[in-house]
Amino acid sequence: MNKTDKGMVRESKDEKYNHLSYTTPHNLTRYAAHMKLGEIKHGRSNWKKGGYNREEWFESMQRHLLLAWEGDTSEDHLSAIRFNVEGIMHQEVIESATIK
């Protein structure tokens, strides 16, 4: 715990997530550009509506992984992989909240 000169007590920075140190502005902008394309095509936050099962997320992720590995540049496959990972993570949160 840290205490300010006026006596306010706060958690140590070591106890908090430092979101800004876990990625770079470039990566955030690149992913945002990918998400904006999806927003234009499907509508804002369309992905949050659900409907994909884990297998579909993984199939999409594998397809993008193979295309990235082959050097395909028709779209940002690495951002698409991130999108699928985040979709799976979001689904896990929703499912665990539903199960409890």
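Modeller: Arginine 44 is exposed, with a relative accessible area of 64% (buried means under 20%, exposed over 50%, partly exposed in between, with a 1.4 Å probe and protein chains only). The model is a predicted one, in which local features need pLDDT of at least 70 and side-chain atom pairs count only at pLDDT 80 or more, while totals for chains, interfaces and linings use all residues. Residues are numbered from 1 along each chain as its sequence is written, and side-chain values use heavy atoms, with hydrogens and water left out.

The side chain of arginine 44 meets that of glutamate 39 in a salt bridge, at 3.4 Å from N to O (a side-chain nitrogen of Lys or Arg within 4 Å of a carboxyl oxygen of Asp or Glu). Glutamate 39 also pairs with lysine 36, and here the closest N and O atoms are 3.0 Å apart. Why are lysine 36 and glutamate 39 separated by about one helical turn? They are three residues apart in helix α1, so about one turn of the helix lies between them (helices are DSSP runs of H or I with at least four residues, strands are runs of E with at least two, and both are numbered from the N terminus). Glutamate 39 is partly exposed at 24% relative accessibility, and lysine 36 is likewise partly exposed, at 39%.

Serine 45 belongs to the loop between α1 and α2. Phi of serine 45 is near 55°, a positive value in a residue other than glycine, and the residue is partly exposed, with a relative accessible area of 32%.

The structure holds five salt bridges. Another of them joins the side chains of aspartate 76 and arginine 30, at 2.8 Å from N to O. Aspartate 76 lies in the loop between α2 and α3 and arginine 30 in helix α1, so this pair ties together parts that are 46 residues apart in sequence. Arginine 30 is partly exposed, at 33% relative accessibility.

Apart from its neighbours within four places in sequence, isoleucine 81 is in contact with Met61, His64 and Leu65 (contact means heavy atoms within 4.5 Å). Glutamine 91 lies in helix α3 and counts as buried at 13% relative accessibility.

Lastly, there is the largest pocket, with a volume of about 730 Å³. A pocket is an open set of points on a 1 Å grid over the protein atoms alone, where a 1.4 Å probe fits, with protein on both sides within 12 Å along at least five of seven lines; lining residues have an atom within 4 Å of a point. Points are joined across faces, edges and corners, and the volume is the space filled by probe spheres set on them. The lining comprises 27 residues, of which His34, Gly38, His42, Trp47 and Phe83 lie nearest the centre of the pocket. The elements that give two or more residues to the lining are α1 (25–42), α2 (54–69) and α3 (77–99). Helix α1 provides the largest share, nine residues. By type, the lining divides into eight nonpolar, 11 polar and eight charged residues (Ala, Val, Leu, Ile, Met, Phe, Trp, Tyr, Cys and Pro count as nonpolar, Asp, Glu, Lys and Arg as charged, and the others, Gly among them, as polar).
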